[in-house]
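Please read the points below alongside the sequence and the model.

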Amino acid sequence: MPRRAATTLMLCLLALPLAACEPSKADLLDKAEGITTKQGLRDALGKPDDIAKLGPIETWTYHADNGAVTFLIAGDAVTLKTAGGAAN
């Protein structure tokens, strides 16, 4: 295998575990501290892993390495945060 290809492969293999890392529930809650709007939450945590909607109510779920964190959003306001058991 050419040297350049071997180096590229090694770098990709070393980066793989970093890409698979998920934050902890505490990390997610810390980043979301004080956030009151849907856009603020997206800016702080990125796109949620799951979104469920019922009328104007949304639940955004973020998977963590030790469970999941769910935010209840009414309209544009983040109204409640919960942290639960193991992520699916």
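1. Arg42 touches Lys47, Pro48, Trp60 and Tyr62, leaving out residues up to four places away in sequence; contact here means heavy atoms within 4.5 Å. Arg42 has its place in helix 3. Because its relative accessibility is 33%, Arg42 counts as partly exposed; the cut-offs are under 20% relative accessible area for buried, over 50% for exposed and partly exposed in between, with a 1.4 Å probe and protein chains only. Between Arg42 and Trp60, 18 residues apart along the chain, the C-alpha separation is 9.8 Å.

2. A word on the basis of these values. The model is predicted: local features need pLDDT of at least 70 and side-chain atom pairs count only at pLDDT 80 or more, while totals for chains, interfaces and linings use all residues. Residues are numbered from 1 along each chain as its sequence is written, and side-chain values use heavy atoms, with hydrogens and water left out.

3. The chain has three helices and four strands, in the order α-α-α-β-β-β-β from the N terminus on. Both kinds of element are DSSP runs numbered from the N terminus: helices are H or I with at least four residues, strands are E with at least two. Of the 88 residues, 22% count as buried. The chain exposes about 6,100 Å², and carbon and sulfur atoms supply 61% of that area; accessible areas come from the Shrake-Rupley method with a 1.4 Å probe, and for residues only the protein chains shown count as cover. Among contacts between residues at least 6 apart in sequence, 36% join residues at least 24 apart.

4. How are the strands arranged? They form an open sheet of four strands in the order 1-2-3-4, with antiparallel pairing. The edges are strand 1 (50-54) and strand 4 (77-84), each of which pairs on one side only. From one strand to the next the twist averages 20°. Two strands pair if DSSP finds at least two bridges between them.

5. Strand 2 and strand 3 run antiparallel and are joined by eight bridges. These two strands form a hairpin with two residues between them. Thr59 stands opposite Leu72 in strand 3.

6. Strand 3 is also joined to strand 4, again antiparallel, by seven bridges. Ala74 stands opposite Ala77 in strand 4, and Thr70 stands opposite Thr82 in strand 4. This hairpin too has two residues between its strands, and Gly75 in the turn has a positive phi of about 70°.

7. Which strands does helix 2 touch? Helix 2 packs on the sheet and touches strand 2, strand 3 and strand 4, its direction making about 30° with that of strand 3. Helix 3 lies across strand 2, strand 3 and strand 4 and runs at about 10° to strand 2. Axes are lines fitted to C-alpha atoms, for helices over the stretch in contact, and angles run from 0 to 180 degrees between N-to-C directions.

8. The largest nonpolar core has twelve residues, among them Leu28, Ala32, Leu41, Leu45, Trp60, Tyr62, Phe71 and Val78. Such a core is a set of buried Ala, Val, Leu, Ile, Met, Phe, Trp, Tyr and Cys residues joined through side-chain atoms within 4.5 Å. Helix 2, helix 3 (38-45), strand 2 (57-64) and strand 3 (67-74) each supply at least two residues of this core.

9. The structure holds one aromatic pair. The ring centres of Tyr62 and Phe71 are 5.9 Å apart and the planes stand at 85°, so the pair is edge-to-face. Rings of Phe, Tyr and Trp (its six-membered ring) pair if their centres lie within 6.5 Å; planes under 30 degrees apart count as stacked, over 60 as edge-to-face and the rest as tilted. Tyr62, at 3% relative accessibility, counts as buried, and Phe71 counts as buried at 1%. Not counting residues up to four places away in sequence, Phe71 touches residues including Ala32, Leu41, Leu45, Trp60, Tyr62 and Val78.

10. Lys31 lies in helix 2 (residues 25-32). Leaving aside neighbours within four places in sequence, Lys31 is in contact with Ala44 and Leu45. Its C-alpha atom is 8.7 Å from that of Leu41, ten residues away along the chain.

11. Gly85 is found in the segment after strand 4. Leaving out residues up to four places away in sequence, Gly85 touches Asn66, Gly67 and Ala68. Gly85 and Asn66 are 19 residues apart in sequence and 7.2 Å apart in space, C-alpha to C-alpha.
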